[in-house]
Amino acid sequence: MRTRTLALIAAGGLAVSAASAHAQNAGGEPPLVAAPAASSDSVDTAYDPLQGFNRGSYGLSMALDHAVLRPVAHGYMAVTPSPLRRRVSAVVYNLGEPSTTVNDILQGKPKRAGRSSARFLINSTIGVLGIWDVATGMGLKAHDADFGQTFGRYGVRPGPYLYVPVIGPSNFRDGVGRVLDFFTDPVGIVGGGYTTTFGATRLGVQTVDTRARADTAFRALDDATDPYVTARSAYGQYREAFIREATGEVQTLPDFDNDYPADPAAEPASAPPEATTAPSTTQ
């Protein structure tokens, strides 16, 4: 999940992308945040026939981020110690595990489905509602899966790049997948949706947590020659690697920066998802 969340954010998506069922990646996944490098501009080959609309949407989203989400995230980071933020991220990530299980099943991967479901049961009980990632210590490593990946698993192409206002970077395939992630999220269904106190609280916490984790990526965008292209390239490369993980063309995942300061003594919020594929520069 952390991967999921992070991917969106890494590409410059607003924290509202947290509305996706997965903690996506917020837990580590939400690995969380891939800080896009300036070099990304030079390798971007995204199919972007709607660039005029997308650039306007990107500009609007960044303005909203500067006005609302960034101050909120920075305030949260200023008053909340890193160890506590890790625990929050771990809880957010844990709530997305059932959605990972659903997609593992749809992808025909029963072992992975068993592992993600076992992680949820163990961390929700022994790990006290997901605060502690006990499952990783038992050899059950985290991994991510969503409907966009599931579609890719069966050969659905990404289609045109799309920057959805406020939600962030996507493409036609992942956009449909994100809608399905939202409406099929088991925890969201059991909790009564985002109109309930639980659902609204979860969305709010997930949004702030995701934005805070993505702060490094957002700062990297500020220094990019063309932030829009950098965000688009980062998202495309990340998603391509994520899809290849599902199709078995796994190599190595791109590096993801964590917004938290290095602290060798600190326990990670959640074990990072297992390795995936090296990003290709083609889309």
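**Helices and loops in the model**

Visitor: Where is N103 found?
Guide: This is a predicted model, in which local features need pLDDT of at least 70, side-chain atom pairs count only at pLDDT 80 or more, and totals for chains, interfaces and linings use all residues. Residues are numbered from 1 along each chain as its sequence is written, and side-chain values use heavy atoms, with hydrogens and water left out. Helices (H or I, at least four residues) and strands (E, at least two) are DSSP runs, numbered from the N terminus. On that basis, N103 is found in helix α5 (residues 97–106).

Visitor: Is N103 buried or exposed, and what is its relative accessible area?
Guide: Buried means under 20% relative accessible area, exposed over 50%, and partly exposed in between (1.4 Å probe, protein chains only). Contact means heavy atoms within 4.5 Å; leaving aside residues up to four places away in sequence, N103 touches A145, D146, F147, T150 and D181. N103 is buried, with a relative accessible area of 0%.

Visitor: How many of the residues of α5 are buried?
Guide: The buried residues of α5 include E97, P98, N103 and D104. The helix is largely enclosed by the rest of the structure, because the buried residues number 7 of the 10.

Visitor: At what angle do α3 and α11 pack?
Guide: Axes are lines fitted to C-alpha atoms, for helices over the stretch in contact, and angles run from 0 to 180 degrees between N-to-C directions. In the contact, residues of α3 including D65, L69 and Y76 meet T207, V208, R211 and A212 in α11. The axes of helix α3 (residues 51–79) and helix α11 (residues 197–213) are 9 Å apart, and the helices pack at an angle of about 85 degrees.

Visitor: On which residue is the kink in α3 centred?
Guide: The bend at a residue is the angle between axes fitted to the seven residues ending there and the seven starting there. In α3 there is a kink of about 50 degrees, and D65 is one of the buried residues of this helix. The kink is centred on D65.

Visitor: Is L129 buried or exposed, and at what relative accessibility?
Guide: L129 lies in the loop between α6 (110–125) and α7 (134–137). Although L129 is not a glycine, it has a positive phi of about 60 degrees. L129 counts as exposed, its relative accessibility being 61%.
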